[in-house]
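I'll jot down what I look up as I go.

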Amino acid sequence: MSKGPVHATGQDKKLQEQLRHSGEIPQHIAIIMDGNGRWAQKRSLPRVAGHHEGVNTVRDIVEVCGQLSVKYLTLYAFSTENWKRPKDEVSMLMRLLLKALRDERDRLHNNNVKLKSIGDISALPQDVQDELLDAMELMKHNTGLTLVLALSYSGRWDITDAVKKISYDVHHGKIKPDHINDELISQYLSTKDIPDPDLLIRTSGELRISNFLLWQLAYSEMYITDLCWPEFRRRSLYEAIASFQGRERRYGMVSEQVKSKRKDAATTYVEKFLRSVTGT
Ligand code: FPP
């Protein structure tokens, strides 16, 4: 167990510096961690070996996101659909999750990580629920990276749950149907108060969203790599961020509008700064 925050060293530190200077670091990265099974198969190992190595990637990516001051990292660790896997694999994944939570909690805490979860947590085995709640409680005042674990999660589950809660509040006169808009719906989702992902990464080459954050990914940039999750380490994340930095995010507008918006924002920033210095 490490005793304090882990800092980047040597060549890695240089790469992180370059990334900071070459553009914006995404505030929220969401990842579909896929290909653990295939990674194992390619090496004639049992699938469980792929999941184990996947946990090592989780550790590396969490650490580097903290070092880069990414604010939120959401990992699709277990989907609603994953319950349909063979019983043995589901129970092995739950044991692995429990072990990872136990092994990593102090390291995460020492690195100022705040742990959150989204999904139908009540569907998880009781010991996993207890460990998860304990770890979240321990880290609730931390101010560094927020690590969001999507567990027994699916985008449709999230939206359905929000619709139920909104209907209930309409029925009880807490909100009026006319007041339902984008922002209100976002506040009823499990990601309430978490900004939408800027970057979605999917490993192992599949071109699907797989029922992940369906509402929240509306304007996220996508990065898909053929690497399987166990082989996606920090250098691969740097490549994904560099690719993100090369994109122009237009949110449905045309290029000129985006550029003039950026110029306005920069002017406002300079004006504010000058005002704060001159006191006018
Ligand atoms: C996808 O690979 C991966 C999963 C369903 C589980 C991901 C879980 C971990 C990496 C371990 C626990 C996570 C944390 C946050 C500690 P797959 O089995 O679908 O691979 P395949 O598509 O090649 O079969």
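Before anything else, my terms: helices (H or I, at least four residues) and strands (E, at least two) are DSSP runs, numbered from the N terminus. With that in hand, I looked up Tyr 223 and found it in strand β6 (residues 221-224).

Housekeeping. This is a predicted model, so I note the limits: local features need pLDDT of at least 70, side-chain atom pairs count only at pLDDT 80 or more, and totals for chains, interfaces and linings use all residues. Residue numbers start from 1 along each chain as its sequence is written.

**Tyr 223**

Buried or exposed? I asked this of Tyr 223. I call a residue buried if 20 or more other C-beta atoms lie within 10 Å of its own, exposed if 12 or fewer, and partly exposed in between, with C-beta atoms placed from the backbone. Tyr 223 has 21 other C-beta atoms within 10 Å, so it is buried. I then listed its contacts (C-beta atoms, placed from the backbone, within 7 Å). Leaving aside neighbours within four places in sequence, Tyr 223 touches Leu 199, Ile 201, Ala 240, Ser 243 and Phe 244. I also checked Arg 202, which is 21 residues from Tyr 223 along the chain; their C-alpha atoms are separated by 6.4 Å.

**Whole chain**

I counted nine helices and six strands. Of the 280 residues, 31% are buried. For the radius of gyration I used C-alpha atoms, and the globule rule is 2.2 Å times the number of residues to the power 0.38. A compact globule of 280 residues would have a radius of gyration near 19 Å, and the chain has 20 Å, so the two agree. Contacts with a separation of 6 or more come 77% from residues 24 or more positions apart.

**Core**

A nonpolar core here is a set of buried Ala, Val, Leu, Ile, Met, Phe, Trp, Tyr and Cys residues joined through C-beta atoms within 7 Å. The largest one has 50 residues, and Ile 29, Cys 65, Leu 73, Leu 147, Val 148 and Ala 150 have the most contacts inside it. Strand β4 (residues 146-153) gives the most to this core, with six residues.

**Ligand shell**

Which residues are closest to the ligand? I took a residue as near if its C-beta atom, placed from the backbone, lies within 6 Å. I got 17 residues around the ligand, the closest being Asn 36, Gly 37, Arg 38, Gly 54 and Ala 100. Elements giving two or more residues to this shell are α2 (36-42), α3 (47-67), β2 (72-79) and α4 (87-110). α3 gives the most, with four residues.

I looked at α3 next. Its 21 residues reach 31 Å from first C-alpha to last, close to the 30 Å expected at 1.5 Å a residue (the expected span is 1.5 Å times one less than the number of residues). Buried residues in α3 include His 51, Gly 54, Thr 57 and Cys 65. Their cover includes β1 (28-32), α2, β2, α4, β4 and α8 (234-245). Just after α3, Ser 69 takes a positive phi of about 60°.

Arg 233 sits in the loop between β6 and α8. It has 15 C-beta neighbours inside 10 Å, so it counts as partly exposed. Leaving aside neighbours within four places in sequence, Arg 233 is in contact with Thr 57 and Asp 60. Arg 233 and Gly 54 are 179 residues apart in sequence and 9.9 Å apart in space, C-alpha to C-alpha.

Terms used: Contact = placed C-beta atoms within 7 Å.
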